[in-house]
Amino acid sequence: MRSCLIAGNWKMNGSLQSAIELIEGIRQGDRGQAQLAVCPPAVYLMKIGGMLSDSDIALGAQNVCDQEAGAYTGEVSAGMLRECGCRYVIVGHSERRSLYGESDQLVAARFAMAIAAGLTPILCVGETLQEREQEITEKVVARQLDAVLESSAIGDFAKAVIAYEPVWAIGTGKVATPEQAQAVHAFIRGKLAEADDGIAQQLQILYGGSMNPSNAAELLAQTDIDGGLIGGASLKAQDFLAIAQSI
Ligand code: PEP
């Protein structure tokens, strides 16, 4: 039986003060049975990590460098994330892929670095609207997964989480229907099952893309949806907790 993970991607929002208030609100609220994780901006990780040290809410980062250390201005290493108390790190978010040109290969290298450091990567995959309209969703998702499978072992997926995030649903208010999401989640699990069925059946596959308290229950009820990666709705403690409670 897979457990359910609800992870909040705070992106580049808020201030130190609002981040503190948000985490206090999440800590104090009722989250039901869900496992929770929050991914604040990198500069707030140390502070928020300290506030979570006595909590079972996990800390995650929004990206990790593909190199261990050295002259990589602006990057943050996996070791540094560990020092901040991170358990998770998002890799391959569509905003990183589209706005900052991260290739499948770079995402795969970031994934490998996270695994090597003992972090759990949350590997984001998903198609654009154009790709969905061209009916190549599975081809795109397969390509994104294959890049990781080429440089990491299938065994590494036992220590990873996947987030299926259709790009057209991120921050747009357009959510995938439960059937659309379930179909891609089943495809992802099936693809990994070809390499190792045991690992595929254990793997948490989250849905991300305009999930909110009113659509979460239906999405989370799907067989292959094991939680959510939440952007906008993770910035309000009440909404984030309401999503967690809807499991
Ligand atoms: C995201 O950016 O990962 C995301 C799912 O955003 P939103 O929930 O705002 O669509």
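**Getting to know this structure**

Biologist: Which residues does Ser234 touch, not counting residues up to four places away in sequence?

Modeller: Ser234 touches Gly8, Asn9, Trp10, Leu22 and Phe240 once residues up to four places away in sequence are left out. Contact here means that heavy atoms lie within 4.5 Å. Please keep in mind that this is a predicted model, where local features need pLDDT of at least 70, side-chain atom pairs count only at pLDDT 80 or more, and totals for chains, interfaces and linings use all residues. Residues are numbered from 1 along each chain as its sequence is written, and side-chain values use heavy atoms, leaving out hydrogens and water.

Biologist: Where does Ser234 lie, and why does Ser234 count as buried?

Modeller: Ser234 lies in the loop between β8 (227–230) and α11 (237–245). Those names come from DSSP runs numbered from the N terminus: helices are H or I runs of at least four residues, strands are E runs of at least two. Buried means under 20% relative accessible area, exposed means over 50%, and partly exposed is in between (1.4 Å probe, protein chains only). Ser234 has 0% relative accessibility, so Ser234 is buried.

Biologist: What does the side chain of Ser234 reach?

Modeller: The side chain of Ser234 reaches the backbone oxygen of Ile230 at 3.2 Å. A polar atom of that side chain also lies 2.7 Å from the backbone oxygen of Gly231. Both count as polar contacts, because a polar contact is a pair of N or O atoms within 3.5 Å; within protein, one must be able to donate a hydrogen and the other to accept it, and residues adjacent in sequence count only if both atoms are side-chain atoms.

Biologist: Why is Leu81 called buried?

Modeller: The relative accessible area of Leu81 is 1%, so Leu81 is buried. Leu81 lies in helix α3 and touches Leu45, Ala61, Asn63, Val64, Val76, Cys86, Val89 and Leu119, not counting residues up to four places away in sequence.

Biologist: Which residues touch the most other members of the largest nonpolar core?

Modeller: Ile26, Val38, Ile48 and Ile188 do, in a core of 66 residues. Such a core is a set of buried Ala, Val, Leu, Ile, Met, Phe, Trp, Tyr and Cys residues joined through side-chain atoms within 4.5 Å. Helix α5 (residues 104–116) gives the most to this core, with six residues. Apart from it lies another core of 13 residues, including Ala7, Cys124, Ala163 and Leu206. In soluble globular proteins, nonpolar side chains tend to be buried together.

Biologist: How many residues surround the ligand?

Modeller: There are 14, and the closest are Lys11, His93, Glu165, Gly171 and Ser210. The shell divides into four nonpolar, eight polar and two charged residues: Ala, Val, Leu, Ile, Met, Phe, Trp, Tyr, Cys and Pro count as nonpolar, Asp, Glu, Lys and Arg as charged, and the others, Gly among them, as polar.

Biologist: What lies 2.6 Å from an oxygen atom of the ligand?

Modeller: A backbone N or O atom of Gly171 does. A side-chain N or O atom of His93 is 2.7 Å from a ligand oxygen, and a polar backbone atom of Ser210 is 2.7 Å from a ligand oxygen. Taken alone the ligand exposes 300 Å², and the protein buries 96% of that; these areas come from the Shrake-Rupley method with a 1.4 Å probe, and for residues only the protein chains shown count as cover.

Biologist: Why does Ser210 count as buried?

Modeller: Its relative accessibility is 18%, so Ser210 is on the buried side of the cut-off. Ser210 is found in the loop between β7 (204–208) and α10 (216–220), and has a positive phi of about 55 degrees although it is not a glycine.

Methods:
Near = heavy atom within 4 Å.
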